[in-house]
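This briefing covers a ligand site and a set of helix contacts. Please read it alongside the sequence and the 3D view.

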Amino acid sequence: MTSDTSWPSLHDYLSAVQQPARSLGGGKLAEFVPERQPDGAVMPVQGQSAYVFYGWIDGEPAVLRCFSRPPAPSLRERYERLARYVAEVGCPSFARFTWWDDAVVVAGRRVPVLTMEDVGGRSLRQHLEEVRGDEARLERLAAGWQALTGDLAARRLAHGDLQQDNIMIGRDGRLRLVDLDAVWAPPLADLPPNESGHPNFQHPQRASGRCWGEDVDRFSALVVLLSIRALIHDPGLWDEYHLDENLVLTAADFADHSRLVWFRLHSSRDAQVRDLTTRLQQISSAAFAAVSPLSAPAGPPSPPALPATPVPKPVPKSAPAKPVSKPAPAKPVSKPVSKPVSKPGPKSVPKRVEPKPAVSPTSTSGPASAVLVVALIVIVVLIVAIL
Ligand SMILES: Nc1ncnc2c1ncn2[C@@H]1O[C@H](COP(=O)(O)OP(=O)(O)O)[C@@H](O)[C@H]1O
Ligand SMILES: [Mg+2]
């Protein structure tokens, strides 16, 4: 996003939404009916880069995602290519969307807007607040999360900004993803987004290295999985470590493995939590290129990637790896995106950079342990001799 002082404010959008026939493009968009509070007020949700208005289009629950700053010039093209790709391969977890050009008339100018299916329910942040003490629901959530991340990978899609406010639990309990601004898909590979995900969910080198690609979700998927699984066995983690903009770990924890939360996770009574903790520490110390080799920026070739993805469960039957012929297309629009607005650049070729050695927090060196054991034996023998 770029700065633009004449860009519509929240107040401008609120006025527009109150009079859709006059201010909201044409066709179906003009039929947007905003959801109102009992006192008649319209209450949008504010994210990092958008105001989201809930309502209905054609009787269907929908949201109007209005940009709070001018979107990057490539965003329209990214959504257009993504729409085509999703129409081809399907993606049940992504909220359906439609990009509208010049759709909102506010303060004398026309700006684009994104309409999306309202996936309903609530965010992962809100959901965990309620279910953190419920072992069975957390188990289901963890299984659903593994299925979702496996499904995305099978369809060659990466969300790019997996975090607690972009992961929604629909009314039917299904996990869904919103905020698709940073998605990676094969046709988008030469159009990187201008954002790098929430630092409390991303590898420490993600932002500085401009890392983004097919396996960019590996780190954040593991952060979410470990957080859910850890809460199953230690619900108190939420009150102590969920500060606001994180689940139980933060960017500071990824950078410093001596912080208390790691000891707490390592001492979990559950072996899987301990394994996932070790794994997350390993990949947060390793170079981004070793964790997500397909998402590393251009650089010198690197040694082989770290083995195994953090979510090794098989993809469920409902998520075929092959493209499906009949997709769930976005609804027709009155002013649909038609032609690319910018010429695509050259196809990006993922390159690798030299990874740092992975650090295992639980392992101690063999010789050091042997010296310690011998020293202990000598002390015990001396004490026995003295007595
Ligand atoms: N399609 C959707 N259905 C339901 N809620 C949504 C949808 N899209 C966004 N939201 C809600 O609005 C919030 C902000 O939207 P988001 O697209 O994430 O904006 P930003 O890019 O500014 O973070 C989300 O965290 C979510 O709670
Ligand atoms: Mg968001």
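In this predicted model, the strands β3 (50–57), β4 (60–67) and β6 (109–117) each supply at least two residues of the shell around ligand 1. Helix α6 (residues 218–233) comes within 10 Å of helix α10 (residues 271–285), axis to axis, and within 9 Å of helix α5 (residues 135–154).

**Shell around ligand 1**

- Ligand 1 is surrounded by 20 residues, and the closest are Gly47, Met116, Asp165, Val178 and Asp179.
- Both domain 1 (10–117) and domain 2 (122–295) contribute to the shell around ligand 1, with at least three residues from each.
- By class, this shell has nine nonpolar, five polar and six charged residues.

**Helices α6 and α10**

- The axes of α6 and α10 cross at roughly 150°; angles over 145 degrees count as roughly antiparallel, and α6 and α10 are therefore roughly antiparallel to each other.
- The crossing of α6 and α10 is left-handed.
- On the α6 side, the residues in contact are Phe219, Leu222, Val223, Leu225, Leu226, Arg229, Ala230 and His233.
- On the α10 side, they are Gln272, Val273, Leu276, Thr277, Arg279, Leu280 and Ile283.
- The contact of α6 with α10 comprises ten nonpolar, three polar and two charged residues.

**Helices α5 and α6**

- The axes of α5 and α6 cross at roughly 165°, and these two helices are therefore roughly antiparallel to each other.
- α5 passes α6 in a left-handed crossing.
- From α5, the contact takes in Glu135, Leu138, Glu139, Leu141, Ala142, Trp145, Gln146 and Thr149.
- From α6, the contact takes in Ala221, Val224, Leu225, Ile228, Arg229, Leu231 and Ile232.
- Ten nonpolar, two polar and three charged residues make up the contact of α5 with α6.

**Residues of α6 in both contacts**

- Leu225 and Arg229 of α6 take part in the contact with α10 and also in the contact with α5.

Note on methods. Residues are numbered from 1 along each chain as its sequence is written. Chains are lettered from A and ligands numbered from 1 in the order in which they are written. This is a predicted model: local features need pLDDT of at least 70, side-chain atom pairs count only at pLDDT 80 or more; totals for chains, interfaces and linings use all residues. Axes are lines fitted to C-alpha atoms, for helices over the stretch in contact, and angles run from 0 to 180 degrees between N-to-C directions. Helices (H or I, at least four residues) and strands (E, at least two) are DSSP runs, numbered from the N terminus. Angles under 35 degrees count as roughly parallel, over 145 as roughly antiparallel, 65 to 115 as roughly perpendicular and the rest as oblique. A crossing is left-handed if the near helix is turned anticlockwise from the far one by less than a right angle, and right-handed if clockwise. Two residues are in contact if their C-beta atoms, placed from the backbone, lie within 7 Å. Ala, Val, Leu, Ile, Met, Phe, Trp, Tyr, Cys and Pro count as nonpolar, Asp, Glu, Lys and Arg as charged, and the others, Gly among them, as polar. A residue is near a molecule or strand if its C-beta atom, placed from the backbone, lies within 6 Å of it. Domain bounds come from an automatic or database domain assignment.
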